[in-house]
Amino acid sequence: MTIDFLGISLQSYSWQTVLGSSISGVFLGSIYALVALGLTLIYGVLHIINFAHGSLLMLAMYAVFFLWNILGIDPYLAMFIVVPGGFLFGYALQRTVIGKAGHGKDEITLLVMLGVSIVMENTALFFFTATDRSVRVPYDLDGFDLGVTYVVYPEIAALLGSLLITLVLWFFMSYTDTGKAIRAVSKERQGARLVGINVEHIFAVSFGIGTACVAAAAALLVPTYAVHPQIGYLFVLIAFTVVVLGGMGSFVGALAGGLIIGVTEQLGRLYLGESLGLITISVIFIIVLLFRPTGLFGSKSS
Amino acid sequence: MLEVNAVCKKFGGLNAVSATSLVVPKGKIVSLIGPNGAGKTTLFALISGFLKPDSGRVYFDGKDITNERPHSICRQGLVRTFQVVQPFANLSVKENIAVGAHTRLAKRADALAKATEVARLVGMEKMLKQSAGSLTIAGRKCLELARALSTEPKLLLLDEVMAGLNATEIQEIVKIINGIRDSGVTIFLIEHVMQAVMSLSDYTYVLNQGVIIADGEPREVTSNPAVIEAYLGHGAAERIAAIRTVSSRKETADA
Amino acid sequence: MSNRVRLIGWCTFLVMLSLIPLFITSGRWIDFLEMTMFVAVLGQGWNILGGYGGQYSFGNALFFGTGAYIQALLQFKFGLSPWFSLWFALAGTALVGAMVGYLSFRYGLRGSYFALITLAFAEAFHVLSRSLTAITEGGHGVQLTLNQNPDQAISTFQFNFAGEFLKAYGFYYTIFSIMLIAFCAVWLMERSRFGAQLVAVRENEDSAEALGINTFRVKMGAICFSASITAMAGVYYTQKFLFIEPGIAYGPAKSVEALFAPIVGGLGTVIGPLLGSFFIHGVGEITKEMIGHVLGNRPGVDLILFGVILVLVLAFLPRGLAGLVEDLWKRIFRGRNA
């Protein structure tokens, strides 16, 4: 059955197709969750929305690509290089540029991050040009046949990778001294300062960890997605939607939100087509922002 | 002029304000005192429309204003100042006051003229061009008062307008407030500075933990044992009475 | 700097701008000035809500694109005269502004959340304009037919075949007039009660509310005004290039361009967007001249530079170039009087 509306066709599909789409949505969603994890951590601690997040993802993806292209390193192994590299880059960026230029004021920091992301995107555009870059690994088309859909190894790796990293992050935040310091700063900035925590350092560490998460996500994404300078912009809106849906500052929220968005996007693509499917994200985003800005798991913070 | 009728407000499990009723008669200066955390600012917020009461009603000049928004309440003549002063930092003193003046005046030139006039009333006529962000705490408090005045209020809610001022500044502002009352404005103020409360107010309400525990002339209220206990703790009233008896016995003995 | 001095400076500058075509014949310079003024209008639109109102929109492409599309579609589909359709473009875009404003302000969105929602709306319209092909011609974009009849040049607002002067300078004067109108409107706003209230809302919403300002209405007014001015830039774009498509209309480029100029030039000032636009495009041109040979004319150089300037201005010049000029003026004149 097909309905036509203003040039869009709506069809009904078999439950197998829908299930298949949903499953691939789960895998996609796990990567979104990983990207969102970094964003929610940064928001939770610095109380600002990192507008440079998408550009950081894009740069990390290029790093993984070039490590493969020039040095022949497999993307999954490249994770061991880009994740620490991402941490250092994020730390330096926050400590030197964002922290300083932002003057501690939220509105200005917002604009600084936008400026930084523009510089990063266009530097990439300048040096790498707009052509798509793809990584081809020998196993990227191998996988399992689940009947309703075919799941490739990179997708499984993405899901497992995301879960693993979330676990590691949770452990870090709960049991290490730095993790506790981060939680202290996110709850009560001045109080943390008074007990001797170097707040600027913690800000930078949090930003660094956020970037490291993004770098991990990049390594997991590259086998399936082609890289180009605009890809950051695409992921930014998705990442924000996930974080807003899941709740700012909540790890569980980032995971749940990521999975929900992943599935919704795939189903949206199925029913509304490639391009219109993306509107589901904007719509969810707007609705959540208006009616439940704290998201599913978020706490009320000003 | 103002009648608050059994107003209640809860925040989570905390009863910030419980069944509070009070009256502020026209043309008088009434004060609201009580220890910190008693709920005084919350009450002001409820009266001026910044918070909605869970139950109870607020009447201003005979009209029920309970669920109206602050800006419409202001237009009807009830204006509040804030305990933590919030000037329009990047604007000059004159521009700050003019914002209030615009409530009644549509033309820019009129509002600016009115601003100059009001500034003179509070003694800020020399600071008109200064940026509000560069003022001292006394200056900011004065500015807050001036801004509220320029809206031509009938009732002024002043929230700790003297906090942070030194003795001279307090004397100045007491004079100004008396002047405002003389010009026909009713004043309801929250204050901790007792000398001001005594010298200014015609009537006082005491709020403790969201409940009015006493009201009356300032002098009676401050010697009320319940009030003393609210500020100084349980048993304080007796202790003070005991000391007074001892010292008065000593005086009669020495005499 | 006294108001009279400012006014004289302004008028002189504008008179100069209006006479430039008499002295400059290089097409490249005319193009440069046209583009600078175009971005100045785009920036002034953003400035109303962002600079004066303190609400930063990251999705002003929404207003630009809607203005451009309405202007294009009414001519394309119904053969309306551009002089007629432009009013619909302005009104329609103001309505879109009202919708976004209503949703955002009614639900109390501020700061980053407001920026995000404007981004989401721009992206949503981007997707819609690409998909609702029946209305917008989708990815093909809308191509307006070139009218080669010189007698119809003014009525169809197309100057390419209208004789030497109009061909060279027609659009220059168009964007100059639009800029004058937009800037005058903002200048008047600054001196009005609405302007004073808008700025109060920016500085402190609670205090503004306590002083009798209906903050919701003021913000709504600001976003509609901002939308209309931005739509004017969209209308100009459609007429000049006779082509609009989803990426140009609703892509992030215009949203970003809209905020560069006022931030660099000076938020909340009338001249800010023009100063800012001149500065960044001027620096861009000079850089391209100097480095262009070495690095080749690859895309992205401009924006890298703009991004760096933005961050530097935010770090060191919080009041932008306009603030810098004020400070220098004060120093020079205080020096003289001392």
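Me: Is the residue A:F291 buried or exposed?
Reply: This is a predicted model, in which local features need pLDDT of at least 70 and side-chain atom pairs count only at pLDDT 80 or more, while totals for chains, interfaces and linings use all residues. Residues are numbered from 1 along each chain as its sequence is written, chains are lettered from A and ligands numbered from 1 in the order in which they are written, and side-chain values use heavy atoms, leaving out hydrogens and water. Under 20% relative accessible area a residue is buried, over 50% exposed, and in between partly exposed (1.4 Å probe, protein chains only). With a relative accessible area of 54%, A:F291 is exposed.

Me: With which residue does A:F291 form an aromatic pair?
Reply: Rings of Phe, Tyr and Trp (its six-membered ring) pair if their centres lie within 6.5 Å; planes under 30 degrees apart count as stacked, over 60 as edge-to-face and the rest as tilted. By this rule there are 33 aromatic pairs over all chains. The pair that includes A:F291 is edge-to-face, with 5.2 Å centre to centre and 75° between the planes, and the partner is C:Y107.

Me: How many residues of chain A are in contact with chain C?
Reply: Contact means heavy atoms within 4.5 Å. Two pairs of chains are in contact, and chains A and C share the most contacts. Chains A and B, by comparison, do not touch, and their nearest C-alpha atoms are 13 Å apart. On the chain C side 41 residues take part, and on the chain A side the number is 41.

Me: How much area do chain C and chain A bury between them?
Reply: Buried area is the accessible area (1.4 Å probe) that two parts lose on being put together, summed over both. Carbon and sulfur atoms account for 81% of it here. The total between chain C and chain A is about 3,800 Å².

Me: Which element gives the most to the side of chain C that touches chain A?
Reply: The elements that give two or more residues to this side include α4 (82–106), α5 (111–131) and α15 (301–316) of chain C. The largest contribution, 13 residues, comes from α5(C).

Me: What is the phi of B:E160?
Reply: B:E160 is in the loop between β7 (155–159) and α6 (167–182) of chain B. The residue is buried, with a relative accessible area of 8%. Although B:E160 is not a glycine, its phi is positive, at about 45°.

Key: Helices (H or I, at least four residues) and strands (E, at least two) are DSSP runs, numbered from the N terminus.
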